[in-house]
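Hello,

Here is the structure we talked about passing on. Please have a look at it first, and then read my notes below.

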Amino acid sequence: MENVRKAGDLLTSLFSERFDRETLENARISAELFSNSWAAAAKQAQISAACDHCRIRELERGILVIEAEHPGWVQILQTKQKYLLGIFQKKFPELKIQGLSFCLSREPISGLPKSAAAAFPPETAAEPETYDPQVDKSLHESLNKFKKVIQKRNRNNPEDDVQD
């Protein structure tokens with residue numbers, strides 16, 4: 001049994017024979033960036049919910065690309081962009097991350113298992129709210145009041161008046 005070695009030891013010896021120490025360290029850092037860092041960064045940026053709807057897609061030429069499954073998540077990420085960039089720059093200085101870019105994913109990202117998704121088929125989804133003309137009328141009235149306030153404010157400058 002003294003010849004039995006752990007799988008990690010075997011992989012380390014295999015790769016250390018073929019790659020230099022710097023290459024192996026860069027690979028380790030990149031693996032850490034793509035495996036564990038997104039959840040920690042999102043939590044630190046106080047957007048933990050984004051963990052299930054966004055992920056790191058790639059790092060290319062110093063730009064970290066994060067993909068999201070919905071434009072709303074992209075907007076949320078954009079509000080935290082500087083903060084997230086600082087988090088990644090501090091945690092991974094070796095990668096020289098200069099900026100963040102956001103894109104939409106072509107497939108769902110959410111961690112909802114397929115079996116759970118099957119439990120909620122589209123036909124059992126809640127019906128959309130019915131049209132309520134009263135809400136539309138109320139909105140129209142509010143917009144008209146807003147229009148009058150703007151016209152009153154701009155009465156000294158007639159060219160700024162809102163036109164009908």
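**What I found**

Residues 24 or more positions apart make up 58% of the contacts in the chain with a separation of 6 or more, where a contact means heavy atoms within 4.5 Å.

Before the rest, a word on the source. This is a predicted model, in which local features need pLDDT of at least 70 and side-chain atom pairs count only at pLDDT 80 or more, while totals for chains, interfaces and linings use all residues. Residues are numbered from 1 along each chain as its sequence is written, and side-chain values use heavy atoms, with hydrogens and water left out.

The chain has seven helices and three strands, in the order α-α-α-β-β-α-α-β-α-α from the N terminus. Both kinds are DSSP runs, numbered from the N terminus: helices are H or I with at least four residues, strands E with at least two.

Strand β2 (residues 63-68) pairs with both other strands; pairing requires at least two DSSP bridges between two strands. Six bridges link β2 to β1 (residues 54-60), and these two run antiparallel. Glu 60 has Ile 63 of β2 as its bridge partner. On β3 (residues 99-104), six bridges to β2 run parallel, with Glu 67 opposite Cys 103.

Five of the six residues of β2 are buried, so this strand is largely enclosed by the rest of the structure. Buried means under 20% relative accessible area (1.4 Å probe, protein chains only). In the chain, buried residues make up 21% of the 164 residues.

Best wishes

Key:
Buried means under 20% relative accessible area, exposed over 50%, partly exposed in between (1.4 Å probe, protein chains only).
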